[in-house]
Amino acid sequence: MSWESYFSAGLDRDDADAWGQMVSDLRGLHDAIAALPFDRAVVDELAADLRGWREKLEPKAGEELEQANGRVQQLPMRGHAMLPEFVVRSTGGGRVDGTVTFGRYFMGGGMAVHGGAVTLIFDEVLGILASAEARTITRTAYLHTDYRALTPIDVELTVSAWIDRVEGRKIFVKGEIRRGDVRCAEAEALFLQLTPEQGLGKRAE
């Protein structure tokens with residue numbers, strides 16, 4: 001199995017757009033729930049609707065390489081519903097630059113992004129860059145994040161990542177998140193290229 005096929009559900013453009021719209025609506029729902037003052041009637045009705053959808057979807061669950069989530073190449077973040085949408089603006093030369101806006105769902109407090117969500121976007125963007133460099137899937141060996149300023153929600157932020165150096169199977173990557181001239185956070189990470197015996201798509205033991 002190739003690295004490209006591992007991250008591709010093989011959807012055509014129309015189906016990819018349909019998946020993207022669903023994920024966008026789900027992200028919007030997450031933000032709306034996070035901003036909701038408690039309303040028992042709304043909570044009970046929403047819980048019933050969500051329970052109904054869960055009961056419909058659970059019997060349809062497939063194996064990892066059958067799922068669409070995180071494997072729709074035509075979409076930002078490969079249409080992964082867990083992740084905020086990172087939009088690539090430029091790429092090349094071992095570097096990627098783009099933008100991300102964290103919604104209310106990712107707020108930790110004080111209208112700032114939760115520190116874990118900041119690390120989440122770093123792990124994804126730096127990891128995909130490392131995998132592109134290696135031309136195969138990689139695993140995070142370590143990821144160190146420094147928080148330099150509050151990262152605001154509902155504001156378009158710039159995310160940059162670049163290959164620092166490569167030592168055999170070891171790919172060292174750095175990145176930063178900025179709001180204008182303000183560096184909100186920076187990260188450095190090590191990703192390891194999988195060996196052939198570890199294989200693509202194998203469940204971690």
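**Figure 1. The protein chain follows the pattern α-α-α-β-β-β-β-α-β-β-β-β when read along the sequence.** The radius of gyration of the protein chain is 18 Å, close to the 17 Å that the globule rule gives for 205 residues, so the chain is as compact as a globular protein of that length. The model shown in this and the following views is predicted. In total, the secondary structure of the protein chain comprises four helices and eight strands. Along its principal axes, the C-alpha trace spans about 55 × 40 × 35 Å. Of the 205 residues, 34% count as buried. The accessible surface of the protein chain amounts to about 12000 Å², and 51% of this area belongs to carbon and sulfur atoms. Among contacts in the protein chain with a separation of 6 or more, 64% are made by residues 24 or more positions apart.

**Figure 2. Six strands form an open sheet in the order β1-β2-β6-β7-β8-β5, with antiparallel pairing.** The edges of the sheet are β1 and β5 (138-147); each has a single partner strand, so one side of each is left without a neighbour in the sheet. On average, neighbouring strands of this sheet are turned by 25° against each other, direction ignored. Within the sheet, strand β6 (residues 157-167) pairs with strand β7 (residues 170-179) in the antiparallel sense over nine bridges. In this view, Ser160 stands opposite Glu176 in β7.

**Figure 3. Helix α4 (residues 115-134) lies across strands of the sheet.** The strands that helix α4 lies across are β1, β2 (95-100), β5, β6, β7 and β8. Relative to β5, helix α4 runs at about 135°.

**Figure 4. Ala189 is located in strand β8 (residues 182-193).** Is this residue, Ala189, buried or exposed? Its relative accessibility is 2%, and because buried means under 20%, Ala189 counts as buried. Leaving aside neighbours within four places in sequence, Ala189 is in contact with Leu126, Tyr142, Leu143, Ile171, Phe172 and Val173. A further relation in this view is that between Ala189 and Ala141, which are 48 residues apart in sequence and 7.5 Å apart in space, C-alpha to C-alpha.

**Figure 5. Arg78 lies in the loop between α3 (40-57) and β1 (86-91).** With a relative accessibility of 14%, Arg78 counts as buried, because the limit for that class is under 20%. Which residues is Arg78 in contact with, leaving aside its neighbours within four places in sequence? They are Phe7, Ala68, Gly70, Arg71, Val72, Glu124 and Ile128. Most residues other than glycine have a negative phi. Phi of Arg78, however, is near 55°, a positive value in a residue other than glycine.

**Figure 6. Met111 is placed in the loop between β3 (107-109) and β4 (112-113).** Although Met111 is not a glycine, its phi is positive, at about 60°. How does its accessibility class follow from the computed value?

Note on methods. Residues numbered from 1 in each chain as written. Predicted model: local features only at pLDDT ≥ 70, side-chain atom pairs only at ≥ 80, totals over all residues. Heavy atoms only, no water. Helix = DSSP H or I, 4+ residues; strand = E, 2+ residues; numbered from the N terminus. Buried < 20%, exposed > 50% of the residue type's maximum accessible area, 1.4 Å probe, protein only. Contact = heavy atoms within 4.5 Å. Pairing = 2+ DSSP bridges. Axes fitted to C-alpha atoms, helices over the stretch in contact; angles between N-to-C directions. Rg over C-alpha atoms; globule rule 2.2 N^0.38 Å. Areas by Shrake-Rupley, 256 points an atom, 1.4 Å probe, with all protein chains shown as cover.
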